[in-house]
Amino acid sequence: MATDDIKYKEVINILKGLPEVNSPENFETELMRKINAGNFEKRLSLWDKIFLPSRLIPSAALAVTTVIILFVMNINSGEIDNPLLIEPRVREDVFANHTESISLENKYSISAPKQDMQDEVKEDRNKERTKSSSPEGFKSGNEISLIREDSNIADLDIDDLLSNRNSTGFLMKKSTTAASFIVKKGLNFRQVNLNEEEKKIVNQLKERIKSLLKSRKK
Amino acid sequence: MTDKNFNEFSDEELILEFQRNNTTKAFEILVERYKNPLTNYVFRFLGDYEACIDIVQETMIKVFRYKDTYNSIAKFSTWIYTIAGNLARTEYQRRKRRKLFSIDSYGKEKDETFEIPDESYRPDIITDSGIKDKIIQAALLKVSDAYRDVVILRDIQDLSYEEIAEIKGLAVGTVKSRINRGRAQLQKMLKDIYKE
């Protein structure tokens, strides 16, 4: 490295020739005054820096506000049902209770004009939509099923049951208010058009039931 | 122990005395020994006397407060130069950022470019030694930070390459190459002065 010193000899000499800069005369006095006053900056630890009131208060306020907003939003979300998540009303229970009534109504539908039947069904559906509370038809369906349970099937005339309007009128004899309900208004029923084979089967079943009832009576 | 004895102590013995017995006199002797070398070093690096005095005082305060962090294996001079060098570099970077910001904002406000006048190398004004010293100092400040630091420690403070390597935390070879690069930059800038 001696070669480098020779190479830069002039620069080195210039730098060495610079006058020395000294501290002022009152350097020690000033230094000791600062040390004794202890007004040098205190080093804060990480935790001290984090929990400084100037930092802690805004962050705590932000956290509290966030919690409050989340809490309020959570309460509101419980009251409002998402319409996309609501399941449609299930009417299967109504159909199940009307199983036998359907067959009666089907019988009725065969004798009644088709157009009138369809109009009645439309009316029934419209009424169903307008009524928010439990529909009248639903009530009547329950009542019908109760009547059917209470009554003894063996005591009924099967022709009356299956063939004409009187059969429904007969059912409603047990209930004081049922007459108005059973006349298809407010009822949910399924219209089934039987073909010839099915009609034959139904007729055969009717005959069997008749014979069974007659044998019991004897 | 008498004051005379303390004056005969080495730097390392003094700081150990200050560590163990909290002897203020030992600290005062260390301040007396290092105040001028550090002032010279920091002034040549920063070029501002007021700031330089503040930094040297802060260095002494750090020695006073953190005396227990000194490791007796290392040389005291290395330790105190490291503290002063770090503080000086921090101050220099802070000033540089401030200067850059002010120049940048000035240019944007006026929507025009401008140049900072540099008359330090005009041959007609190189007349006496006082001005020469200023020119040398100005040239020194134009040397890259990494090179300037080691050139001052070597050619002005007369520290060995090994000491500089320890202060800067670099390999000796790196220190040597940096010193030579700094010298080369200075030579280029000061050729008009040393040719006179």
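## About the model

This is a predicted model, in which local features need pLDDT of at least 70, side-chain atom pairs count only at pLDDT 80 or more, and totals for chains, interfaces and linings use all residues. Residues are numbered from 1 along each chain as its sequence is written, while chains are lettered from A and ligands numbered from 1 in the order in which they are written.

## Where the chains meet

The contact draws 23 residues from chain A and 25 residues from chain B; two residues are in contact if their C-beta atoms, placed from the backbone, lie within 7 Å. On the chain A side, α2 (9–16) and α3 (27–37) each supply at least two residues. Helices here are DSSP runs of H or I with at least four residues, strands are runs of E with at least two, and both are numbered from the N terminus.

The side of chain A that touches chain B has 14 nonpolar, two polar and seven charged residues. In this scheme Ala, Val, Leu, Ile, Met, Phe, Trp, Tyr, Cys and Pro are nonpolar, Asp, Glu, Lys and Arg are charged, and the others, Gly among them, are polar.

## Chain B as a whole

Chain B contains nine helices and zero strands. Of its 196 residues, 31% are buried, meaning that 20 or more other C-beta atoms, placed from the backbone, lie within 10 Å of the residue's own. Among contacts in chain B with a separation of 6 or more, 59% join residues 24 or more positions apart.

## Helices α3 and α4 of chain B

Let's look at one helix pair: α3(B) (residues 24–46) and α4(B) (residues 49–65) pack at an angle of about 140 degrees, with their axes 9 Å apart. Axes are lines fitted to C-alpha atoms, for helices over the stretch in contact, and angles run from 0 to 180 degrees between N-to-C directions. The angle makes α3(B) oblique to α4(B), the class left once angles under 35 degrees (roughly parallel), over 145 (roughly antiparallel) and 65 to 115 (roughly perpendicular) are set aside.

Residues of α3(B) in this contact include F27(B), V31(B) and L38(B), and those of α4(B) include Y49(B), I53(B) and F64(B). By class, the contact has 14 nonpolar, two polar and one charged residue.

## Helices α7 and α8 of chain B

Further along, α7(B) (residues 145–156) and α8(B) (residues 161–168) cross at roughly 145 degrees, and their axes come within 10 Å. V150(B), L153(B) and R154(B) of α7(B) meet I164(B), I167(B) and K168(B) of α8(B). This contact has four nonpolar, no polar and two charged residues.

Conventions: Buried ≥ 20, exposed ≤ 12 C-beta atoms within 10 Å, placed from the backbone.
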